[in-house]
Amino acid sequence: MGQIDEWFFKWLAGIQFDPKNPGYKKIIINPQIVGDLNYVSASTESLYGKISVDWKREKGLFNLKINIPANTEATVILPNKTTQSVGSGTHTFSVKL
């Protein structure tokens, strides 16, 4: 089950640690759209708090909601390959597919 969990968190939800800053102080959120999958919700606990990702694909839009723990940063890579850096808190994104 470990490999399935890793694939789900790392690829579908896109929750990854930044290899230059291990320990989830800096996080990469890079969700992947696969096949006809339209919704993913995942969370994991880090040393700094809960990291959560919820994304939904509907009507030609990709909607992403993330929660980044206090005192951490994230780089968000959206399916259209745009990137954005965010700090702690809840953030939402919407891009046309």
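Is Asn71 exposed or buried, and what is its relative accessible area? Asn71 is exposed, with a relative accessible area of 59%, where exposed stands for over 50%, buried for under 20% and partly exposed for values in between, computed with a 1.4 Å probe on protein chains only.

The model shown in these views is predicted, and local features need a pLDDT of at least 70, side-chain atom pairs count only at pLDDT 80 or more, and totals for chains, interfaces and linings use all residues. Residues are numbered from 1 along each chain as its sequence is written, and side-chain values use heavy atoms, with hydrogens and water left out.

**View 1. The open sheet S3-S4-S5-S8.** Four strands, in the order S3-S4-S5-S8, make up an open sheet with antiparallel pairing; strands are DSSP runs (E, at least two residues) numbered from the N terminus, and two of them pair if DSSP finds at least two bridges between them. Because strand S3 (39-46) and strand S8 (89-96) each have a single partner strand, they stand at the edges, and one side of each is left without a neighbour in the sheet. From one strand to the next the twist averages 10°, taken between axes that are lines fitted to C-alpha atoms, with angles running from 0 to 180 degrees between N-to-C directions. Strand S5 (residues 61-68) pairs with S8 in the antiparallel sense over eight bridges, and Phe93 in S8 is the bridge partner of Leu64.

**View 2. The largest nonpolar core and the surroundings of Val53.** The largest nonpolar core has 20 residues, of which Ile29, Val53, Leu64, Ile66 and Val76 touch the most other members; such a core is a set of buried Ala, Val, Leu, Ile, Met, Phe, Trp, Tyr and Cys residues joined through side-chain atoms within 4.5 Å. At least two residues of this core come from each of strand S2 (26-29), S3, strand S4 (49-58), S5, strand S6 (73-77) and S8, and S5 gives the most, with four residues. When neighbours within four places in sequence are left aside, the residues in contact with Val53 (heavy atoms within 4.5 Å) include Ala13, Ile15, Ile29, Val40, Leu64 and Ile66. In soluble globular proteins, nonpolar side chains tend to be buried together.

**View 3. Aromatic pairs.** Three aromatic pairs are found in a search of the whole structure, a pair being rings of Phe, Tyr or Trp (its six-membered ring) with centres within 6.5 Å, called stacked if the planes are under 30 degrees apart, edge-to-face if over 60 and tilted for the rest. The ring centres of Phe8 and Phe9 lie 5.7 Å apart with the planes at 90°, so this pair is edge-to-face. Phe17 and Tyr24 also form an edge-to-face pair, at 6.1 Å centre to centre and 75° between the planes; Phe17 is partly exposed at 42% relative accessible area, and Tyr24 is partly exposed at 25%.

View 4. Ser46, placed in strand S3, counts as buried at 14% relative accessibility. The Ser46 side chain reaches the backbone oxygen of Gly49 at 2.9 Å. Apart from neighbours within four places in sequence, Ser46 is in contact with Tyr24, Ile51 and Pro69. Tyr24 itself sits in the loop between strand S1 (15-17) and S2 and has a positive phi of about 65° although it is not a glycine.

**View 5. The loop that holds Asn71.** Asn71 lies in the loop between S5 and S6, and its phi is positive, at about 60°, although Asn71 is not a glycine.

Technical notes. A polar contact is a pair of N or O atoms within 3.5 Å; within protein, one must be able to donate a hydrogen and the other to accept it, and residues adjacent in sequence count only if both atoms are side-chain atoms.
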